[in-house]
Amino acid sequence: MRKYGCKVLNYMPKLSQKATLAAYSSDASIYSLTPREVLSVKCQNDILEALRNAAKSGSSVTARGGGTGLSGGAVGDGFILDFSNFRSILDIDPVAKTVITQVGIIYDELNLALRKYNLFFPPDPSSGDSCQIGGMLANNSSGPRSVKYGLTSDFVEAIEVALSDGRIVSLRPMRLNSPELSAFLAAHTEFKEILALLQKNSPLIISRWPRLKKNSSGYNLYQVVRDLEKGVFNIPALLVGSEGTLALFLSCKLRLLDIPAERLTSRLYFKSLFDAGSAVEPILSLHPSGLEIVDGSTLDLIGREKFGIPNSAAAMLLVEFDEHIETSRRSFEQLADRFALSSPLEFAEDSVSTAALWRARKAIVPTLYRHHPKKRPLPLVEDVSLPPEQIPSFIKYLTDLFESHNLTYGVFGHIGDGNLHIRPLFDLNDKSDMELATGIYDRIYDKVISLGGSSTAEHADGRLRAPLVRKIYGEEIYRIFCRIKQLLDPKGILSPGVILSDTPFTAFIDYDKIKSYCAACGKCNGYCPAYDYFRREDFSPRGWLRMINQSGDERRNLSQYLQFCLNCKNCATVCPAGVDISAEIIKFRSIKPSFVSRTAVRFTDTEPLFNLSLKLGKVAEPLLGTPAGKKLTAILGRRKFGFDSSVKFPSLAKRTLRQRYPERISGEGDVALFHGCADNFLASKVGDAIFTVFNHLGIKVSLPPQKCCGLPQEVYGHRDNLIDKAKYNIDRLEPFKAVITGCASCLLKLKEYPHYFDQDSSYRRRTEALAAKCFDISQYLNRANIDFSQFHSGRKVTVTYHHPCHLRTAGLHHEPERLISKLDNVEIHHPLYADRCCSQAGSYGFIHFKKAKVMFQKKKEEYASIPAEYLMTSCPACQMKVRAEMGNKFKVVHPVEILAERLIK
């Protein structure tokens, strides 16, 4: 496999050790250990240096990927090696259907890169949008589709690892008695002894191993000894699932499959849990790609009426097929006729209707996290594995146990392979709850083990379940585990306390962290443009929140990190618990706004000064647009902002929108246009297009008096200023039946106005009424009774798009495509990275110019290959960024501009 050189980021701010160590002291588990030092791995030398330093100092080395594990495997008190920047794809072979990649790449990121070859890496963990391949190797991860596709270890063809003594070793399955294996064992005698140990104890391992479809507890010896029976020493399988305790993963060669051409999802509600369990075996005979269960008590918890769940339903099954769809559907319908269902069978084939079927299942964890002010659905017993036939009776055992203690809980999981996720609510800061949680932990795991199950199917042992490994396997196999550990890590420096430990699970619990609504799952990191640039926990939403709440560092030090938040709201959009970390950062800034931001706010709010600056800007603009002016701008901005010759500023409007349409300035009417600052002061055709389209439709649109929505002021900590502007806008917009806007950020802020007023405030009631009648323009037109044939065009046009982050947060990001798809002669090209932040974020794209260019790079590469005439997006700042980066590649427009063009003959 290829060797790698170090790569260095263009710029790193000055770091505070206190803040950085706080960010890395926890992961998605309930645990916290403050590391001695954190190293962001960019090349092999970084790894070898850490191993040498650890050996000298007697410290430990803990590998960390996305930090999405729930069992505490990514925390330690020694050296933390963050592999997130070690993420290059080294080779894709579409013919052999393999990929070689470094281990820091995110699972979804890898599959996006493979999609152009119609290939994918199948294990599909639920955290796939934020977990990394290294973590999947460490945990032997899987997910909802493992019933068909199996585990990570089933797809590993080769790995490259660093052993604890610093040797770099390439490993792949080798035939017994082959010259290749003989040479390898001669050079690596520790593996020779491991081979002899496994051959000697093969009958013991096979006889004692739990008979389960999924089991990530202990070391993966069962797969290794089964392969020995086939004449193969599968060394990669030995290390996959070892959680960084035997070696450090560097890269891997993975087997790939063709992406399924179609997918069918079905939802069934059963009248009894027993009936649901009895249905599993006949459903499995049809070879589904997924089979999920949710019990009746959990359906009660999320709200039956809200999700249209029948009152008589005692369990829900979700079944998925991804091949031979028509045959599978017919067979499944015939099979379902034998089931006692509470409602008719439901099917979905497209993404929208499939998402609707999954809504109830995906609502469980968010509902649990917001259910109680102090109790949280902590991952304590969340990943048990059982023989599938035991699941119904085991769920009955759980419900009786939980209800006997008046516990709120969720029970759901992958019943097709016997994997249940169990989430009772506890407040571990309460002594009685802590005692109860400890008792529940013991009782549930004892029950699982007595039924021939395992404590973990896909989440691994970590620190949480390490005390259970001996119970599951017995002393003899446990001693084999310990001997393998001793052979590969004789000094015990690799992740001590993980897998092989008798330390109680209650040690190292972070009692402050578990008070938060934030689950620390790390999902937000996978969507954060700042994290994607830095790929460090201290430059991530989860890390920022921890640093604010728990580092105890000085404000000026924290600000060095927090300045890189774009306020894109992606963290809030994807968070299962609905935590808005960007809002927490704004709250932090509002305690003491900077002098510069205070001056800027005063300046923009002083109308004579602001208007004078606009006039001066119009005079200076032609001069700055010359080659000499552009060069001067780049020189002046290079040191502070990193400007180069590609920097492009938006042009000012010769006359503002309000100046161009004075006859529309009115405080009354049916529809008001909230134009925002950009479409008023900058050169923009959006307002003109709105009036053209709405005039044609016979809808009068007025321009009431209005101020900035307040978002720019709030971002820099001036919340009071936003509230003043909100009150002004509420008073002026209230008389209208509807308020439309072409700016995604303005729309989101208008809809968020209620959050700034007390529940019993009159403004709270008024802002709620206002929010209900605020619409994105595309949304408004989609809801209206419009004959779109009047926008007929004889010319075919091709369109692609970018989803503004704030429109996505508002849940309206698909409205523009819906609108344009109603037109004739339009071909829409759907980009893979449509949801990826463009990184302009108001002034951010100028203040952090070079970083913003890097953040846009993936979109730029994809857009360069899309043969479209138009690129549409419903945000002025996004339009600005795309024009600056893509040049004349597209006509960058708001969707309403496409409609307007079709009316101009």
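# Reading a predicted model: values against cut-offs

Student: How do you know that the span of helix 2 agrees with its number of residues?
Tutor: Helix 2 covers residues 44–57, which is 14 residues. At 1.5 Å a residue, helix 2 should span 20 Å. Its end C-alpha atoms are 20 Å apart, so the two values agree. Keep in mind that this is a predicted model.

Student: Which residues of helix 2 are buried, and what do they pack against?
Tutor: The buried ones are Gln44, Asp46, Ile47, Leu48, Ala50, Leu51 and Ala54. They pack against several strands, among them strand 1 (37–40), strand 7 (156–162) and strand 11 (248–255). Gly58 follows helix 2, with a positive phi near 75°.

Student: Why is Ser289 called buried?
Tutor: Buried means under 20% relative accessible area. Ser289 has 0%, so Ser289 is buried. Ser289 sits in the loop between helix 11 (273–284) and strand 14 (290–295). Beyond its neighbours within four places in sequence, its contacts include Pro144, Tyr149, Glu320 and Asp322.

Student: Why is Leu616 called exposed?
Tutor: Exposed means over 50%. Leu616 has a relative accessible area of 54%, so Leu616 is exposed. Leu616 lies in helix 26. Together with Phe603, Leu609 and Leu612, Leu616 makes a nonpolar surface patch of about 360 Å². Helix 26 (residues 607–624) gives the largest share of that patch, three residues.

Student: What makes the phi of Asp124 worth a look?
Tutor: Most residues other than glycine have a negative phi. Asp124 has a positive phi, near 60°. Asp124 lies in the loop between strand 6 (119–120) and helix 4 (133–139). At 17% relative accessibility, under the 20% cut-off, Asp124 counts as buried.

Student: What makes the pair of Arg535 and Glu109 a tie between parts of the chain?
Tutor: Their closest N and O atoms are 3.4 Å apart, and the two form a salt bridge. Arg535 lies in the loop between helix 20 and helix 21 (541–550), and Glu109 in helix 3, so the pair ties together parts that are 426 residues apart in sequence. Arg535 is buried, at 0%. A network of salt bridges links Arg87, Glu109, Asp532, Arg535, Arg836 and Lys858.

Student: Where do Glu815 and Arg818 lie, and how many residues apart are they?
Tutor: Both lie in helix 37 (residues 815–820), three residues apart, about one turn of the helix. Glu815 counts as buried at 12%, whereas Arg818 is partly exposed at 41%.

Key: Residues numbered from 1 in each chain as written. Predicted model: local features only at pLDDT ≥ 70, side-chain atom pairs only at ≥ 80, totals over all residues. Heavy atoms only, no water. Helix = DSSP H or I, 4+ residues; strand = E, 2+ residues; numbered from the N terminus. Buried < 20%, exposed > 50% of the residue type's maximum accessible area, 1.4 Å probe, protein only. Contact = heavy atoms within 4.5 Å. Expected span 1.5 Å × (residues − 1). Patch = residues over 30% accessible without salt bridge, like charges linked within 9 Å, V, L, I, M, F, W, Y side chains within 5 Å. Areas by Shrake-Rupley, 256 points an atom, 1.4 Å probe, with all protein chains shown as cover. Salt bridge = Lys/Arg side-chain N within 4 Å of Asp/Glu carboxyl O.
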